[in-house]
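User: Please take a close look at one part of this model for me. I would like the pairing of the strands and the side-chain contacts that go with it.

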Amino acid sequence: MNKSNYVSLSGTLVKDAIIRKNDKGSDYVLFTLSVPQTGTKWYDYINCIAFNENAAIIAKSPLKGTSYRIEGRIHTSSFDKNGKKHYSTDVVAEKIEMVNRNDSDKTQKMPYLPFRCQGDC
């Protein structure tokens, strides 16, 4: 993995992941992780996307509250909607690991973490 554009996150799904197929029939998953800010009680909400086998990992347990550790890269894009330009920044997950599993192989749900705006939002 290119270390000049490298992201490592551990967080909790804030809502159920959205599972889709692209035009070629390949799976991809859209999800948002709640990631605690170091040294504070605040959380960042990071939009992520996973493709193919990584999408399959999320698809096995796509429910709100499931915890994951991901490694990937930042991807920016833009699109026009109703004549206005919109921008998005997402993390493309290239390695995914589910965390917080108990002995019966069921995911332990983490509490939902509400958004707390700090500074300019």
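Analyst: Start with the ground rules. This is a predicted model, where local features need pLDDT of at least 70, side-chain atom pairs count only at pLDDT 80 or more, and totals for chains, interfaces and linings use all residues. Residues are numbered from 1 along each chain as its sequence is written, and side-chain values use heavy atoms, with hydrogens and water left out.

Confidence comes next. pLDDT is the predictor's confidence in each residue, from 0 to 100. The chain averages 83, and 80% of the residues score at least 70. Helices (H or I, at least four residues) and strands (E, at least two) are DSSP runs, numbered from the N terminus. Strand 4 (residues 43–51) has the highest confidence, at 95. Helix 1 (residues 52–60) has the lowest, at a mean of 89. Residues 102–121 stay under 50 in pLDDT. For that stretch the model has 31 contacts beyond four places in sequence, a contact being heavy atoms within 4.5 Å.

Now the hairpin. Two strands pair if DSSP finds at least two bridges between them. Strand 5 and strand 6 (residues 84–99) pair in the antiparallel sense, over 15 bridges. Ser-77 has its bridge partner in strand 6, and that partner is Ser-88. The hairpin has 2 residues between the strands. Asn-82 takes a positive phi there, near 55°.

Strand 5 (residues 67–81) also pairs with strand 1 (residues 7–13). That pairing is antiparallel too, over 6 bridges. Tyr-68 in strand 5 is the bridge partner of Gly-11.

Then the charges. Side chains of opposite charge can pair when their charged atoms come close. A salt bridge here is a side-chain nitrogen of Lys or Arg within 4 Å of a carboxyl oxygen of Asp or Glu. The count comes to 3.

Take Arg-69 and Glu-97. Their side chains meet in a salt bridge at 3.0 Å, N to O. Arg-69 lies in strand 5 and Glu-97 in strand 6, so the pair ties together parts that are 28 residues apart in sequence. For accessibility, buried means under 20% relative accessible area, exposed over 50%, and partly exposed in between (1.4 Å probe, protein chains only). Arg-69 is partly exposed because its relative accessible area is 37%. Glu-97 has 41%, so it counts as partly exposed.

Glu-94 and Arg-73 form another salt bridge, with the closest N and O atoms 2.8 Å apart. This pair also links distant parts of the chain: Glu-94 is in strand 6, Arg-73 in strand 5, 21 residues apart. Glu-94 is partly exposed at 33%. Arg-73 is partly exposed at 31%.

Asp-27 has 32% relative accessibility, so it counts as partly exposed. Lys-21 is exposed, at 53%.

Last, the rings. Rings of Phe, Tyr and Trp (its six-membered ring) pair if their centres lie within 6.5 Å; planes under 30 degrees apart count as stacked, over 60 as edge-to-face and the rest as tilted. The structure holds 1 aromatic pair. Tyr-28 and Phe-51 have ring centres 6.2 Å apart and planes at 35°, so the pair is tilted. Tyr-28 lies in strand 3 (residues 27–36) and Phe-51 in strand 4, so parts 23 residues apart in sequence are tied together. Tyr-28 counts as buried, at 17% relative accessibility. Phe-51 counts as partly exposed, at 35%.
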